[in-house]
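User: Could you walk me through how this model is packed, starting with its helices?

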Amino acid sequence: MAVSLCARRADRLAAIAADIRAAGGLALPVAADVSNEGDVRAFVTRTLATLGRLDVAVCNAGIGFHGALEDTTPEVMARLLAVNYLGTFHTARAALPYFEQQGSGHLVIVSSIVGRRGLPFYEGYAASKFAQSGLAEALRSQYAGTAIHVSTVFPVSTRTEFREAMARSYGSQLRGHGPQQSAEQVARAILRCLERPRPEVWPYRWARWLVWLSAVAPGTTDRMMRRFARRQARAEDA
Ligand SMILES: NC(=O)c1ccc[n+]([C@@H]2O[C@H](COP(=O)([O-])OP(=O)(O)OC[C@H]3O[C@@H](n4cnc5c(N)ncnc54)[C@H](OP(=O)(O)O)[C@@H]3O)[C@@H](O)[C@H]2O)c1
């Protein structure tokens, strides 16, 4: 597949595009902010003009925030929603008309395990990720049985620059604890989903059981989550 890439940092995009080209692929880097509807529309238009078609749109751009609710200011919450939810919303609104026109397409929405099961001190982030999975579920039902697929990805903690980005924006110093996976594992799970479309992708399969447990025994799961968050806080302090 030819890859059209968007993020805000043009130098990072150019480096990834160079890697793809060096491996024999076709890459189009476009600097854009997904929270800006105009940027997203321009990105999709440029992709179509340059590459000729749009088969898959992956809504992956996202930011995190860790902190108690009283420390989650309205500005922080608005930014979480603008990037994590509205970024997905703008992308879906820009891509779906083309998918409908060509009669096929695949929208992949990268949510998080906390987009299915809230975790203490991630209230704002969890809300933005729940919003994404709600949008995905509604769209998925709308296109069920057609050649337009909508898939939601629910990664657990992943070794990426996510925590560095939180430190840059909000000064939080987190190393990350609990089950972890590599970005490559998540990417491979998404690739398998493109080959054989599925409603949901769980790159760390045990995470599914947590959601099941939460549906069956929400109070018990709350206490587990509370203990998990406390252990995490102690490990971060150590
Ligand atoms: N890492 C985890 O533990 C974890 C777990 C579950 C789910 N997730 C989800 O996985 C997705 C990818 O995150 P990651 O872990 O790969 O984090 P990351 O290493 O910080 O990457 C985030 C990417 O999003 C881009 N981005 C951020 N804000 C943007 C904006 N306003 N417009 C356009 N691009 C933007 C960043 O590029 P620029 O800064 O250059 O814009 C960067 O390429 C996110 O949706 C995240 O919520 C992550």
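Analyst: The axes of helix α7 (residues 207–216) and helix α8 (residues 218–237) come within 5 Å and cross at roughly 130°, which means α7 is oblique to α8. Axes are lines fitted to C-alpha atoms, for helices over the stretch in contact, with angles from 0 to 180 degrees between N-to-C directions; under 35 degrees is roughly parallel, over 145 roughly antiparallel, 65 to 115 roughly perpendicular and the rest oblique. Helices (H or I, at least four residues) and strands (E, at least two) are DSSP runs numbered from the N terminus. This is a predicted model, where local features need pLDDT of at least 70 and side-chain atom pairs count only at pLDDT 80 or more, while totals for chains, interfaces and linings use all residues. Residues are numbered from 1 along each chain as its sequence is written, and side-chain values use heavy atoms, leaving out hydrogens and water.

User: Which residues in α7 meet α8?

Analyst: L210, L213, S214, A215 and V216 in α7 meet P218, T221, M224 and M225 in α8.

User: Switching topic, how are Y125 and F162 arranged?

Analyst: Their rings form a tilted aromatic pair, 5.5 Å centre to centre with 55° between the planes; rings of Phe, Tyr and Trp (its six-membered ring) pair if their centres lie within 6.5 Å, and planes under 30 degrees apart are stacked, over 60 edge-to-face and the rest tilted. Y125 lies in helix α4 and F162 in helix α5 (residues 162–170), so the pair ties together parts 37 residues apart in sequence.

User: And what about F154 and W202?

Analyst: Those ring centres are 4.6 Å apart with planes at 20°, so the pair is stacked.

Definitions and conventions:
Contact means heavy atoms within 4.5 Å.
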